[in-house]
Amino acid sequence: MDISKVSHGIKIVLGGSIAFLIVSIFNWQQIDFEGISVSAGVSMWHGWGVLAGLLAIVIVVWEGLRLANVKLEIGLTPAMVTAALAILMLFFTVLKFLVSNEFRTIWAWIGLLLAIAVAVGAFMNMKALGHSLEDMGNEMKAAAGSAAAAAKSATDKGDDAPDAPRAPDAPAAPAAPAAPEAPAAPEAPAADDEQRPSPPV
């Protein structure tokens, strides 16, 4: 993608995010010990600041992929994704700024201003493409509904899975062989008086 064709909003987002990451490594809180030339401090990368820094990295990577013409379909337009990331980055930066409110340095103020600039640039880019916050909310609701429907469908498929095959019945025990019948006794021959010869007279 030709960098000259990139919108001013995206230029602010990219430049602001990179500058934010650079500023984040300096001490956002610092205390100087009186009497000795020693100071101690912490950068943004503590507590809520870690999330703000990670979101800034994600914004830079996301916009880098867009400049490389890599298309990713996640249910929202690229401008809305950038705006959502910028809002989250600003939220965690403000949270870090308010929670770590002791011994702030100039770097904490610069970091807060850069986070605001990134969010403004993201909204400028979204507005230039004809999107509004209402459109963004509707798209996020639709994406959440689609994800919920997909999860429900996967759950229903799991419930409709065929039951496991029933174990076959155990074969019946063979019947005991019947005892052989006793042979019938032979009948006695009947006496035949008619055929017996008569004695001579």
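A cavity, as the word is used in these legends for a predicted model, is a set of grid points where a 1.4 Å probe fits but cannot get out.

View 1. When the whole structure is searched, 1 cavity of 30 Å³ or more is found, and the volume of the largest cavity comes to about 40 Å³. Its lining is made up of Trp-28, Gln-29, Lys-96, Phe-97, Ser-100, Arg-104 and Ala-108. Strand E1 (27-33) and H3 are the elements that contribute two or more residues to this lining. Sorted by class, the residues around the largest cavity are 3 nonpolar, 2 polar and 2 charged.

**View 2. The largest pocket and its lining.** The space in the largest pocket amounts to about 260 Å³, and 16 residues line it, with Ile-10, Arg-66, Pro-78, Asn-125 and Leu-129 lying nearest its centre. Three helices, namely H2 (48-67), H3 (78-99) and H4 (106-128), each provide at least two residues of the lining of this pocket. In terms of residue class, the lining of the largest pocket comprises 8 nonpolar, 5 polar and 3 charged residues.

**View 3. A nonpolar patch on the surface.** Together, Trp-48, Val-50, Leu-51, Leu-54, Ile-57, Val-61, Leu-65, Val-70, Leu-72, Ile-74 and Val-99 form a nonpolar surface patch with about 860 Å² of accessible area. The element that gives the most to the patch is H2, which supplies 7 residues. Ile-57, one of the residues of the patch, belongs to helix H2. The relative accessible area of Ile-57 is 37%, so this residue counts as partly exposed, and it passes the cut-off for patch residues, which is over 30% relative accessible area.

**View 4. Asn-69 in the loop between H2 and H3.** Most residues other than glycine have a negative phi. Asn-69, by contrast, has a positive phi, near 60°, and is a residue other than glycine. Asn-69 is placed in the loop that runs between H2 and H3. Because its relative accessibility is 52%, Asn-69 is classed as exposed, the cut-off for that class being over 50% relative accessible area.

**View 5. Phe-103 in the loop between H3 and H4.** Phe-103, although not a glycine, also shows a positive phi, of about 55°. This residue is found in the loop between H3 and H4.

Definitions and conventions: Residues numbered from 1 in each chain as written. Predicted model: local features only at pLDDT ≥ 70, side-chain atom pairs only at ≥ 80, totals over all residues. Heavy atoms only, no water. 1 Å grid on protein atoms, 1.4 Å probe; cavity = no way out; pocket = protein on both sides within 12 Å on 5 of 7 lines; lining within 4 Å. Points joined across faces, edges and corners; volume = space filled by probe spheres on them. Helix = DSSP H or I, 4+ residues; strand = E, 2+ residues; numbered from the N terminus. Nonpolar A, V, L, I, M, F, W, Y, C, P; charged D, E, K, R; others polar. Patch = residues over 30% accessible without salt bridge, like charges linked within 9 Å, V, L, I, M, F, W, Y side chains within 5 Å. Areas by Shrake-Rupley, 256 points an atom, 1.4 Å probe, with all protein chains shown as cover. Salt bridge = Lys/Arg side-chain N within 4 Å of Asp/Glu carboxyl O. Buried < 20%, exposed > 50% of the residue type's maximum accessible area, 1.4 Å probe, protein only.
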